[in-house]
Structures are given as structure tokens and as C-alpha cells.
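Please look over the sequence and the 3D structure shown below before reading on. A short briefing on the chain comes after them.

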Amino acid sequence: MHGTYRRVGLINRKYFTIGILLLSLALACFGCLWEQPVTGQALLGPLINAGVDVYREDDLKNPIFSTTTSDAAVLADAGLFAIPDNVFEEGRLYVIAVSGGRDIDADDDGVLDATPTDNQGTLHLIGTAEQLRSGAFKVNILTEILYQKVSYLLLAQYPRQAILSTMKQYVRALLKEDMDGDGDIDIDDLLAWDPVTDKDSAAIDRSSIQNCIAAIHADDAYADELAAIYKNIISAVQKNAVPMLGFAENVAVSGDYAYVVYERAYYGSNFLSGLQV
């Protein structure tokens with residue numbers, strides 16, 4: 001009898017242990033359902049089958065996550081991508097780069113193009129983990145213009161707060177409306193901007209925007225266009241300028257250019273790069 005009780009006890013403990021393991025797995029899977037991915041859309045018009053790379057502010061050469069944008073015939077469903085939430089750490093800045101693919105609404109008229117436009121260039125966005133997690137964001141031509149304006153600050157290793165302060169000033173010169181209704185024009189509004197539905201909210205004229213988009217499609221330099229845009233940005237920023245405190249390493253400023261020494265991955269040596277400021 002005692003032997004029978006021991007066998008029954010062993011069997012009960014065995015099934016109890018299995019039950020605990022299955023419950024733990026179920027709870028773990030249930031928890032995964034609550035961890036929603038961070039979602040975005042690549043918009044010149046929607047860029048389908050484009051490569052998406054995510055970089056941390058302290059390493060702009062090696063992506064921490066890569067994916068591809070969605071291919072769809074409906075504009076709202078095209079150019080979408082998802083990034084696991086755990087890729088982002090609070091308090092950090094990130095750069096999202098979207099390269100290649102095809103633009104299915106190149107003129108941003110809200111109508112699917114009969115023939116997509118090949119995209120040879122790269123579109124960028126800079127944002128904090130908190131900003132990217134706050135809702136579905138858009139990598140658009142305005143986030144690209146902002147990136148081109150402040151990327152030298154990343155290369156020169158400016159303090160994060162100085163970069164964010166500068167970004168906020170420039171956003172107010174790129175947009176003329178509060179997009180998310182929170183009473184302020186900030187980076188969240190830039191991330192919400194849609195080139196079709198919100199074109200009148202941009203502080204830049206439509207022809208300049210289309211010229212920049214066409215240059216990205218062709219992977220052409222558009223320094224002249226950016227220079228004209230930057231003059232307007234600087235003029236607007238100077239009206240309500242806030243001194244930017246901080247420091248820079250490996251950078252020198254001369255006239256309208258900041259010269260930054262940095263290491264290019266494909267050469268493995270230091271180069272001097274001039275960026276217009």
C-alpha cells in the first residue's frame with residue numbers, strides 16, 4: 001500500500017510540475033501580446049519594399065534592427081513597418097533610415113500611380129524612444145530635412161538635450177500648425193505629418209518640398225534646395241532663439257559650415273566632412 005501511495009504521489013507531483021510549466025508558458029505568451037511593436041510608415045509617397053534600418057545615436061554605422069516596408073495597392077496600407085518595442089531604450093535618440101523601394105504616389109495627390117517611381121535615395125528620421133513609442137509615426141520629407149539640419153550635431157557628439165532643443169526650434173520653422181492638438185508645435189507633430197492630408201500645414205512651399213522629394217528619388221544632391229530652406233529656418237529660429245548650451249568634439253565651424261571629423265566604416269579612417277549649418 002505504501003508503495004502504491006508513493007507512486008500516486010510521484011505521478012501527481014509530475015503532472016503538477018507539468019501544469020506549472022504550461023501555465024508559465026501561457027502567461028509568458030499572454031504577456032507578449034501586450035508588448036505592441038512600434039509602427040511607422042515611409043512616406044515620400046508611400047515607399048513599398050524599402051529597407052528600414054534603425055540606429056542608436058552613438059553608432060550610426062551599425063543598425064540595431066532592420067526590416068522592409070509593406071507592399072500594398074492601398075496607400076494607407078503601403079510603406080508600413082514594425083519595430084519591436086524592446087529595440088528602444090528610454091532616454092536615447094534613434095535614427096531611422098529608409099532606403100530604396102518604390103514610391104506609389106510620387107506626386108502626393110492621394111491617388112495610386114499607374115507606374116511606381118523607383119527610389120534610389122534614403123529618407124531619415126531622428127527621434128527619442130518615447131517619441132517613437134507614442135504612436136504610429138511617419139518618416140517623411142520634413143523629418144528628412146530636419147535630419148539634414150541636425151545630423152552634424154550627432155556626428156560631433158553634442159549632448160542629447162542640446163540636440164533635442166535645436167530640433168524643437170527647427171520643427172517650429174518647418175510646420176505652421178499643431179498637428180496633434182496638444183497646444184505646441186514639436187517633434188511629435190513632425191512625426192504625424194502626412195504629405196497628402198497635411199500639405200498645407202508645412203511652412204515650406206510645395207515646390208521646394210517636391211524638388212527635395214525628386215532629388216531623393218534620384219539620389220541626387222539637393223544642397224541648393226536645402227540651403228534656401230535653411231535660410232527660412234534660420235530666420236524663423238532667430239526670432240525666438242534659445243541659446244544652445246553644450247560642447248562638441250572633433251568639430252570646427254567656419255562661416256555657414258561645420259567641419260566634422262568622423263570615421264567612415266567603408267574606409268576605416270578619419271575624414272573631414274563639411275556640413276552646412
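The notes that follow go from the whole chain to its sheets and then its helices.

This is a predicted model, in which local features need pLDDT of at least 70 and side-chain atom pairs count only at pLDDT 80 or more, while totals for chains, interfaces and linings use all residues. Residues are numbered from 1 along each chain as its sequence is written, and side-chain values use heavy atoms, with hydrogens and water left out.

**Whole chain**

- The chain holds seven helices and 13 strands; helices (H or I, at least four residues) and strands (E, at least two) are DSSP runs, numbered from the N terminus.
- Of its 277 residues, 40% count as buried, where buried means under 20% relative accessible area, exposed over 50% and partly exposed in between, with a 1.4 Å probe and protein chains only.
- Among contacts between residues at least 6 apart in sequence, 63% join residues at least 24 apart; a contact means heavy atoms within 4.5 Å.

- Strand β1 (residues 38–42) runs parallel to β10 and is joined to β10 by three bridges.
- Q41 stands opposite K138 in β10.

**The sheet of four strands**

- Another open sheet has four strands in the order β4-β3-β6-β9, with antiparallel pairing.
- β4 (65–68) and β9 (122–128) are the edge strands, each pairing on one side only.
- Neighbouring strands of this sheet are turned against each other by 20 degrees on average, direction ignored.
- Strand β3 (residues 51–56) pairs with β4 in the antiparallel sense over four bridges, and V52 has T67 in β4 as its bridge partner.
- β3 also pairs with β6 in the antiparallel sense, over six bridges; the bridge partner of Y55 in β6 is V95.
- β6 and β9 run antiparallel and are joined by seven bridges, with T122 in β9 as the bridge partner of S99.
- Strand β6 (residues 93–99) is largely enclosed by the rest of the structure, because six of its seven residues are buried.
- In general, strands of a sheet pair through backbone hydrogen bonds, either parallel or antiparallel.

**Helix α4**

- Helix α4 (residues 160–174) has 15 residues, which at 1.5 Å a residue should span 21 Å, and its end C-alpha atoms are 21 Å apart, which agrees. The expected span is 1.5 Å times one less than the number of residues.
- The buried residues of α4 are A162, I163, T166, M167, Q169, Y170, V171, A173 and L174.

**Helices α3 and α6**

- Helix α3 (residues 141–155) packs against helix α6 (residues 206–218) at an angle of about 80 degrees, with their axes 10 Å apart.
- That makes α3 roughly perpendicular to α6; angles of 65 to 115 degrees count as roughly perpendicular, under 35 as roughly parallel, over 145 as roughly antiparallel and the rest as oblique.
- I141, L142 and E144 of α3 make the contact with I209, C212, I213 and I216 of α6.
- The residues of this contact divide into six nonpolar, no polar and one charged. Ala, Val, Leu, Ile, Met, Phe, Trp, Tyr, Cys and Pro count as nonpolar, Asp, Glu, Lys and Arg as charged, and the others, Gly among them, as polar.

Note on methods. Two strands pair if DSSP finds at least two bridges between them. Axes are lines fitted to C-alpha atoms, for helices over the stretch in contact, and angles run from 0 to 180 degrees between N-to-C directions.
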